[in-house]
Amino acid sequence: MRACIALLVVMLAWAAPVRADVAEREPRYLILVTIDGFRWEELFRGADPDLVADDRYRARYVDVADRAAALTPFLRSFEQAGVLIGNRDQGSCARVSNDYWFSYPGYAEMLAGRPNPRVRYNAAVPNDDITVLERLQRHGLSVGVFAEWDVMGAILNVKRSAISVVVPPDPDAPHDPQVIEATRSVLNDPPRVLYLALGDTDNRAHEGQYEAYLAAASEADTFLREVWDAYQTNPRTAGRTTMIVTSDHGRGAAEDNRWTGHGSGRWRRIIVPGLRHEGSDAIFIAARGPDIVGTASHTMETCATLAQVAATMLRSVHLHDELAQPDMAPALNVFAEE
Ligand SMILES: [Zn+2]
């Protein structure tokens, strides 16, 4: 018996470092998702009863026991499976740290790890920052981007970065279904880093179509579950994949239809607070994966920022030490202590 125990101890001592070694060599996979202008209000409260007129939508999203779970059940599952930051009703806080509260400044901030004050437009001007996706691709990781918005090519500076960006072939049809179909084609053999940028939520909201905005959010949520399940049934990616989901900005309040927009923040170089719809800086950030722990909290005092997503992405693929920049915001407080 004593010999047996001694042997067991030897085996354990020998096995432990080997396991750690294997873990380090196991490649991590990353799925980044943005749902353009999807409000934290709908994510955490569900559909706003005052804004839903259509009877079928009321039956599906309003007259139900749990409105939030009825709208985006997969995203809500991050609360148990990972972290879900930004429920301001419970004092959880996430926000953009740029001053503009619209799309390009938000994506620029998220992908560089800090706001870029020179980006104060939505025009397709090539980004002068090097994005975290470009750094990952330069480091040798395969990167695939499927984006609803045709400006994403400029945001990722594809001329310089040579990142593959697929956008909807038919700009006149709803964008997200086209992006979803294109993304499906790579789910069997996914790149190390997949960025899925959905946005019919923002498109329908600007049109004032609240029900269609809800439908776009629901469709996004359903597809994210499909993507996650595909990664979890693929032996190459199962248990090695982190998914991060966020938005580029929030939207205004329900009152006076402020929810349809978010404002432009500035006129030329002048801050015009009235041009921003109050609350549009409020966002959500969701994350789950093998290194993400469920105890993270970001309160109003320690509000998470969109800029922190870049370093969080790097940590999730274990390349933070190699690729993080001195001016990047720190990774979110969502990782197990090392
Ligand atoms: Zn918008």
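Helices (H or I, at least four residues) and strands (E, at least two) are taken as DSSP runs and numbered from the N terminus. The model is predicted, so that local features require pLDDT of at least 70 and side-chain atom pairs pLDDT 80 or more, whereas totals for chains, interfaces and linings use all residues. Residues are numbered from 1 along each chain as its sequence is written, and side-chain values rest on heavy atoms, with hydrogens and water left out.

With 8% relative accessibility, D202 is buried, while H206, at 44%, is partly exposed; buried denotes under 20% relative accessible area, exposed over 50%, and partly exposed the range in between (1.4 Å probe, protein chains only).

One disulfide is found, defined as a pair of cysteine sulfur atoms within 2.5 Å. The sulfur atoms of C93 and C303 are 2.0 Å apart. This pair links distant parts of the chain, 210 residues apart: C93 occupies the loop between β2 (83-85) and β3 (94-95), and C303 the loop between β10 (285-288) and β11 (304-305). The S-S torsion is about -75°, and the disulfide is therefore left-handed. Both C93 and C303 are buried.
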